[in-house]
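Have a go at each task before you read its solution.

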Amino acid sequence: MTASSAPPPPTARGKAHPLRIVMAKVGLDGHDRGVKVVARALRDAGYEVVYTGLRQTPEMVVEAALQEDAQVIGLSLHSGAHMTLFPAVVEELRKRDATDIVVFGGGIIPDEDIAELKKLGVAELFTPGTPLKDIVEWLRGRFPETAAAPAP
Amino acid sequence: MRVRYHRDAAGEAPESWDSEYEATPMRDDGIETATLSGMDVKMLYTSRDVEARPEELSGQYPYTRGIHKTGYRGRLWTMRQFSGFATAAETNRRYKYLLASGQTGLSVAFDMPTLMGQDSDAPTSRGEIGHCGVAIDSLADMETLFEGIPLAEVSTSMTINSPAAVLFCMYLAVAEKQGVPFTNVNGTLQNDILKEFIAQKEYIFPPEPSMRLVVDSIEYCTAEVPRYNPVSISGYHIREAGSTAAQELAFTLADGFAYVDACIERGMAVDDFAPRLSFFFDAHIDFFEEIAKFRAARRIWARHMRERYGARDERSWKLRFHTQTAGVSLTAQQPQLNIARTALEALAAVLGGTQSLHTNAMDEVLALPTDKAAQVALRTQQMIAYETGVANTVDPLGGSYFMENLTDRMEEEAEAYFERIDSLGGVIPAIEAAFMQREIADAAFRHQQEVEQKRRLVVGVNEFMSDQDDELEILRIPLGLEQEQVQRLHEVRRSRDEARANRALERIREAAANPNQNLMPLILDAVRASCTEGEIMGAMVDVFGLYTEKAII
């Protein structure tokens, strides 16, 4: 699919395969320890995980999610630009008529910002110290029909 | 398994000791007794665990016990708190506050756009300006940053890598305007691009031209700014990305050797530049392992410099290093506990003989530090220096069976990694094969699993949690400053001699295409002509191209 072709209709997304998650580093910082650990844990939990690599713009992330036919986008950011870039991803999903894709995020995010980001459409935010199983459980709760096999 | 202590055929312990030992129940809490990096630790170390070697003294090759004979009796470490946020004017105020509080050196933190070589008006600078550090676009910002701070009297460390040459030239241009000769300019440039490819990922150009710029700056400093440390070879970011202590040690020193090789290849004599290479390590929470790492680092560097590179100047053998306490060890839960963590880590750095130290503030896990938190962090160093008495004896743990054994094992592990890196063809091929990146990601994942399985306890996170985490007041960077910074940048572009600026950029493009030309004087000219950071980096991107890494999980 090229950037100019239409995304699949929202209802079609995700029916053909187990839950697919695009994990992305938005913004300029290169701190990828967290995103890699989470990506590996989600993969071990049975989900299909696509990691975009560093320095993705909101447009690139949404494009990747559409191309990969993903139902979930996981964002990681450690530079303090979350109040600009996380809502920009949600906005881009709106523009591309893909608001059924669920966005969650992680990083160094103060409590007040978490409340604000949730209002703006980010489904959940995970901060430092979150056990990996909490993230997996949250996904299972959110997508019970695609519950992945537990990690071996 | 109970590993009590090493016994060989010749040395049995008294029977009574053995039987008492067997009869004593051990803690059975499932918590790892290996070091944080996974090195086995026995219950007791004795003289049999230590290799016999000639008496080592401080200030003597191989410097395991420190590079100065007198340790901190001669001179305390430099208390150098890393700081920078928002605009140059705001950060200038913080610097004056820190200097007035007794800090003895400055250390500049730049924001993400500056670190990534782009101007504040670039589309991808949106939301990032002034957040991770101070926004610097041109010489005008750098002048504001050091307004009223005499560069002849203060030493300044600048944490900048891919665009290091550009920011360093801005600093030199400020010195020039203050009337300070380059020979009196003092400080350290991080300028360690190899660890960017390995860990922190703030690279712009591909490895080869990136290395050329580093060598250009070393060559330039050797000739023109002899008191300045042009590279700070950094393990900090490798460790924070999840490596073990031994990996941090090994990858950092391997990077150091790669810079030495590159300078020799340029035609420089090892003793002309090696005395100005400096290092930067992490001080993590596993106390003894960290001290062993620092001691091993000195010994390995000294041996390789003397025996492998044939350096004759003792200064080339001496590994000097800055330390920062481990940001990654801080917890967002019960953040006041971070004061205690940082104090312990700082103590390890001091017992390991660091030359300068940054202690993290308790709130750095949430945001850049407030004035108050930054002051507590600095005061922690002052307590170690002046209250505890630990600075009165050089290498106080030298001769400890455990410490000497750990130091030896650190050295062995590092040597094993050097061999693996060599077998891959050296540091850059190993980076391209993602060898170090994978080792680090594996170690990070292993550690996270240990925490999840409670084989490692993190107080306040997976044990001893508190229902009411005390809220900390955190530093907020107003989004409005983006507009201000962009306006200042546009004003610089409006008021400069455009033809002169364009000529300077064109000369950089020409020189970039000629690997035999040192870029530094041309970058300095462009800075003087008020070319912006993004323009100068852009001119080099035109020739060098951009690097992207293969994403691995």
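**Exercise 1. Find the residue of strand 3 of chain A that A:K25 stands opposite.**

Solution. Strands here are DSSP runs of E with at least two residues, helices are runs of H or I with at least four, and both are numbered from the N terminus. Step 2: strand 1 (residues 20–25) and strand 3 (residues 72–77) of chain A pair in the parallel sense over five bridges; pairing requires at least two DSSP bridges between two strands.

Two notes before going on. This is a predicted model, in which local features need pLDDT of at least 70 and side-chain atom pairs count only at pLDDT 80 or more, while totals for chains, interfaces and linings use all residues. Residues are numbered from 1 along each chain as its sequence is written, with chains lettered from A and ligands numbered from 1 in the order in which they are written.

**Exercise 2. Describe the side of chain B that touches chain A.**

Solution. Step 1: 31 residues of chain B are in contact with 29 residues of chain A, contact being C-beta atoms, placed from the backbone, within 7 Å. Step 2: helix 4 (112–115) and helix 18 (435–452) of chain B each supply at least two residues, and helix 18 of chain B gives the most, with five. Step 3: this side of chain B divides into 17 nonpolar, eight polar and six charged residues. Nonpolar covers Ala, Val, Leu, Ile, Met, Phe, Trp, Tyr, Cys and Pro; Asp, Glu, Lys and Arg are charged, and the others, Gly among them, are polar.

**Exercise 3. Which helix of chain B gives the most to the side of domain 1 that touches domain 2?**

Solution. Step 1: chain B is divided into domain 1 (71–452) and domain 2 (491–544), with bounds from an automatic or database domain assignment. Step 2: 27 residues of domain 1 of chain B are in contact with 18 residues of domain 2 of chain B. Step 3: helix 8 of chain B gives the most to that side of domain 1, with seven residues.

**Exercise 4. Is B:S217 buried or exposed?**

Solution. Step 1: B:S217 has its place in helix 8 of chain B. Step 2: B:S217 counts as buried because it has 24 C-beta neighbours inside 10 Å; the cut-offs are 20 or more other C-beta atoms within 10 Å for buried, 12 or fewer for exposed, and partly exposed in between, with C-beta atoms placed from the backbone. Step 3: leaving aside residues up to four places away in sequence, B:S217 touches several residues, including B:F168, B:N191 and B:M520.

Methods:
Contact = placed C-beta atoms within 7 Å.
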